[in-house]
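Subject: Structure for your review

Hello,

Here is the structure I said I would pass on.

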Amino acid sequence: MSNDKRKVSEILDQTARAYGDLPALKVKRDGLWQTTTWREYRERARLVARGFLALGLQPKQGVAIIGYNCPEWFLSDVGAILAGGVPAGIYTTNSPDQCAYIAGHCEAPIVVVENQQQLDKFLAVWDQLPQLRHAVVMHGTASDPRALTWETLLQKGREVPEAELDARIAAQDPDEMCTLIYTSGTTGNPKAVMISHDNITWTARRSEEHTS
């Protein structure tokens, strides 16, 4: 059993090299299944990460994400990690005040929302979040000047050199926190569980060993 510590970016790179043309994600839209290969998953996650860099995301800053299961959710999550940020998922049923608590607690300058309904929650509490600068809408248009469409995020990412992202990734350490998981908050405000790169990659390797 290997005891080496690995970063999320290393596992993603390794998997894309080994299984590049195999399916990583599938989603059904307009009645048709759309497939994202592992190579495409890595490329798109890196593009999202570059988009976050273009928006000014700094290491250790939060990226709050709210929405149902979809490729854009995963790309936002992994993209935030690659950019050195700390993604934090929010329950889709959370109220505006609950969203404000989590986005404020993780000091997120960027929130990624599924649609207008979820965007409205943050627009209602934006003034309570002095660190919040941008909202990215996964699906649909951006109804507020502080919000960007998903395609706009990707376009901004294309303007950031790959080398800038590579430098951000190289500065990361496997023992560093790379994501926050918030409890449901049924007995008070949600508690943030800190998860490191090594937490994630070690657990994934152990799971693979027991299922192979």
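This is a predicted model: local features need pLDDT of at least 70, side-chain atom pairs count only at pLDDT 80 or more; totals for chains, interfaces and linings use all residues.

Helix pair

Two packed helices are described by the angle between their axes and the distance between the axes. For helix H2 (residues 38-54) and helix H3 (residues 71-82), the angle is about 65° and the axes are 7 Å apart. The crossing of H2 and H3 is right-handed. On the H2 side, the contact is formed by Tyr 41, Arg 44, Ala 45, Arg 46, Val 48, Ala 49 and Phe 52. H3 contributes Phe 74, Leu 75, Ser 76, Val 78, Gly 79, Ala 80 and Leu 82. By type, the residues in this contact are ten nonpolar, two polar and two charged.

Helix H7

H7 spans residues 162-170, and its buried residues are Leu 165, Arg 168 and Ile 169. These three lie on the same side of H7, because the arc they cover around the axis is only 100°. Ala 163 and Ala 170 are exposed and sit on the face turned away from that buried side. The cover over the buried residues of H7 includes H2 and H3, the pair described above, as well as helix H1 (8-19).

Positive phi

Most residues other than glycine have a negative phi. Two residues to look at here are Asp 30 and Lys 60, neither of them a glycine.

- Asp 30 has a positive phi of about 55°. Its place is the loop between strand E1 (23-29) and strand E2 (32-37). With a relative accessible area of 81%, Asp 30 is exposed.
- Lys 60 has a positive phi near 80°. The loop that holds Lys 60 runs between H2 and strand E3 (62-66). Lys 60 has a relative accessible area of 45% and is therefore partly exposed.

Leaving aside residues up to four places away in sequence, Ser 196 touches Pro 174, Asp 175, Glu 176, Met 177 and Cys 178.

Regards

Notes. Residues are numbered from 1 along each chain as its sequence is written. Side-chain values use heavy atoms; hydrogens and water are left out. Axes are lines fitted to C-alpha atoms, for helices over the stretch in contact, and angles run from 0 to 180 degrees between N-to-C directions. Helices (H or I, at least four residues) and strands (E, at least two) are DSSP runs, numbered from the N terminus. A crossing is left-handed if the near helix is turned anticlockwise from the far one by less than a right angle, and right-handed if clockwise. Contact means heavy atoms within 4.5 Å. Ala, Val, Leu, Ile, Met, Phe, Trp, Tyr, Cys and Pro count as nonpolar, Asp, Glu, Lys and Arg as charged, and the others, Gly among them, as polar. Buried means under 20% relative accessible area, exposed over 50%, partly exposed in between (1.4 Å probe, protein chains only). The arc is that of the directions from the helix axis to the C-beta atoms.
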